[in-house]
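Colleague: I would like a close look at a single part of this model. Please keep the explanation plain.

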Amino acid sequence: MIRENRRLISSSPVAKSTFSLFFLAITLAPQASAYLDPGTGGFLLQILLASVLAVVMYARNSWLRLKQIVRWPGVSGDSEACEHEKARVEEVNEES
Amino acid sequence: MRKVRGSFRDPDGEVFDSGHLIYRTVNQSARKDFEYVRSADSFKHLLLSGKLIPEKTVDHVPLGFAESAHYAVIEHERLSLISWPYEWGFRQLRDAAIFHLELQLELLGDGISLKDSSAFNVQFKKAVPIFIDALSFKKKEQGDLWEGYTQFCEEFLNPLLLASVVGLPFNQWYRGAVRGLDSDLLYRMLPLRKKISPRIFLHVTLPVILKKMADRARPPLEKRLSSRMREARGNEESYYFLLRTMRNLIRKLEDPAQKESRWIEYTSDCIYTDEQIAQKKAFVSEFVATTKPHLLLDVGSNTGTYSKLALENGAVSVVSVDGDPCAVDVAYSSARELGASWLPLCVDVANLTSSLGWAGEERSGFLERFEFDAVLALAVVHHLLLTAGIPLKEILRFLTDIASEGIIEFVPRDDPMFMSLCDRRTAMGQKVTYDKELFETLLSSRATILKSKKITDTGRTLYWFRRN
């Protein structure tokens with residue numbers, strides 16, 4: 001089943017990396033000198049969330065990069081607009 | 001010098017109590033984190049702003065520890081009022097939870113995370129939360145997860161949801177389990193529409209479902225996955241996302257006391273006229289101004305009117321206990337406003353907190369933590385007698401044992417409050433042995449009555465006693 005899924009998503013590098021990230025993460029708890037039981041549910045939730053957010057962030061950044069590239073040869077003042085857009089996106093990232 | 005029993009879990013150090021100061025040993029294993037954290041600006045800022053317990057590294061070790069075993073010894077101020085989360089009201093636990101999350105958010109900016117999220121690490125100093133575990137902090141590595149997430153849910157979030165969403169006070173459950181409330185158990189109690197509300201879904205429902213899925217997986221999850229995959233990876237976004245959604249969820253939890261506080265005010269004062277209240281207050285004020293107690297216990301404090309009065313008249317610290325969590329919430333709000341050394345606790349005086357946890361000594365009991373030199377027992381004796389079923393002799397023994405001086409209010413048989421509590425017993429044909437003469441005889445056998453004052457026409461009387 002896992003193999004099938006992997007084949008299915010192998011075309012997208014983002015999804016692939018996220019998918020493997022999730023399974024990488026599931027295997028073992030962090031190897032710190034921790035004395036606290038992380039709890040199965042809470043642990044899996046964090047891994048899942050990290051994977052989902054990684055995809056969201058990747059998609060968002062790719063979209064912004066694309067926008068930047070597309071706008072680049074346009075009319076003057078675009079680079080300034082890009083900087084503005086970048087700052088705004090950073091703000092949004094921080095808020096989320 | 002006595003080892004603090006609750007400090008055994010952390011492998012990085014131990015805590016000792018000298019009676020005046022607290023000493024904490026820092027083991028070699030914690031050296032790197034200790035140095036990193038102490039150099040961070042956010043940590044220094046939190047120390048200065050009083051959110052972390054003040055600390056200083058001491059060169060001279062007055063303890064007789066084997067010095068090679070640890071890397072450093074730090075000295076802390078000793079908080080005079082220690083309490084456990086199962087003794088708090090809703091607002092206290094909610095404030096402590098938000099405080100804990102904001103502490104983490106502030107430190108995260110400097111790459112510091114907390115290795116646990118125990119509610120027992122938060123205490124109240126002058127009714128404001130303060131973080132007391134100086135070894136909870138560590139350098140956050142890239143990809144680290146929030147290690148204390150499940151503990152935070154069990155010790156903060158789930159008890160709050162139990163009170164706010166399910167409508168049951170968390171205290172008894174929390175005290176029974178000591179380590180909070182399991183998500184699985186809370187999940188069973190939540191109504192369906194709450195289970196699927198977005199934030200509760202994220203922090204309760206989803207972890208429970210994922211745990212069930214992992215438990216059912218055959219062969220077990222660990223075996224199914226290849227051994228070369230060895231690292232758990234989180235990311236910054238998910239760490240912040242968890243902390244922020246948790247904070248937003250907890251901030252919005254409705255306080256169950258809000259609906260009932262009016263009723264509390266009504267019942268506490270309806271029995272007296274304004275003049276009688278003034279007389280009662282004058283008597284209490286005189287007692288406190290004369291005895292100047294270091295630590296006063298207000299038994300059955302309700303919303304804390306007389307605790308506040310005691311603090312205003314010279315009591316150094318006050319612990320007020322009441323079994324009603326709503327009354328405790330109101331008292332806590334007054335304590336925050338007053339900013340005094342006042343700790344309102346949701347404790348039933350007929351069932352004081354005992355020592356709990358590992359080996360029966362991890363979390364010390366109520367009487368071990370406090371040494372009172374004065375007690376107020378206003379309009380409470382008849383509740384203990386009739387509701388809790390404690391004989392008068394026993395009540396007076398307890399009250400004169402717990403502090404050397406105090407005020408006890410006698411409520412006569414024909415007082416409306418006494419009658420309303422007693423009606424059921426008389427209807428059942430039970431006899432309640434209780435009158436003023438007996439009260440005075442029993443009290444005099446253990447203490448000297450220094451002063452007494454009749455307050456109401458029905459015969460409510462205040463007795464100022466000093467133990468023999």
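How many residues lie between S15(B) and S16(B) in their hairpin, and which residue in the turn has a positive phi?

Modeller: This is a predicted model, and the hairpin belongs to chain B. Between S15(B) and S16(B) there are six residues. The residue in the turn with a positive phi is Gly459(B), at about 110°. On one side of the turn is strand S15, residues 447–454 of chain B, and on the other is strand S16, residues 461–467 of chain B. The two strands run antiparallel and are joined by seven bridges.

As for confidence, chain B has a mean pLDDT of 91, with 93% of its residues at 70 or more. For the complex, the predictor gives an ipTM of 0.83 and a pTM of 0.87.

Elsewhere in chain B there is a nonpolar patch on the surface, formed by Leu192(B), Ile196(B), Phe201(B), Ile209(B) and Met213(B). Together these residues have about 490 Å² of accessible area. Helix H8 of chain B, residues 198–216, gives the most to the patch, with three residues. Leu192(B) is found in helix H7, residues 192–195 of chain B. Leu192(B) counts as exposed because its relative accessible area is 62%, and the cut-off for exposed is over 50%.

How values were computed:
Residues numbered from 1 in each chain as written. Chains lettered and ligands numbered in written order. Predicted model: local features only at pLDDT ≥ 70, side-chain atom pairs only at ≥ 80, totals over all residues. Heavy atoms only, no water. Patch = residues over 30% accessible without salt bridge, like charges linked within 9 Å, V, L, I, M, F, W, Y side chains within 5 Å. Areas by Shrake-Rupley, 256 points an atom, 1.4 Å probe, with all protein chains shown as cover. Salt bridge = Lys/Arg side-chain N within 4 Å of Asp/Glu carboxyl O. Helix = DSSP H or I, 4+ residues; strand = E, 2+ residues; numbered from the N terminus. Buried < 20%, exposed > 50% of the residue type's maximum accessible area, 1.4 Å probe, protein only. Pairing = 2+ DSSP bridges. pLDDT = per-residue confidence, 0-100.
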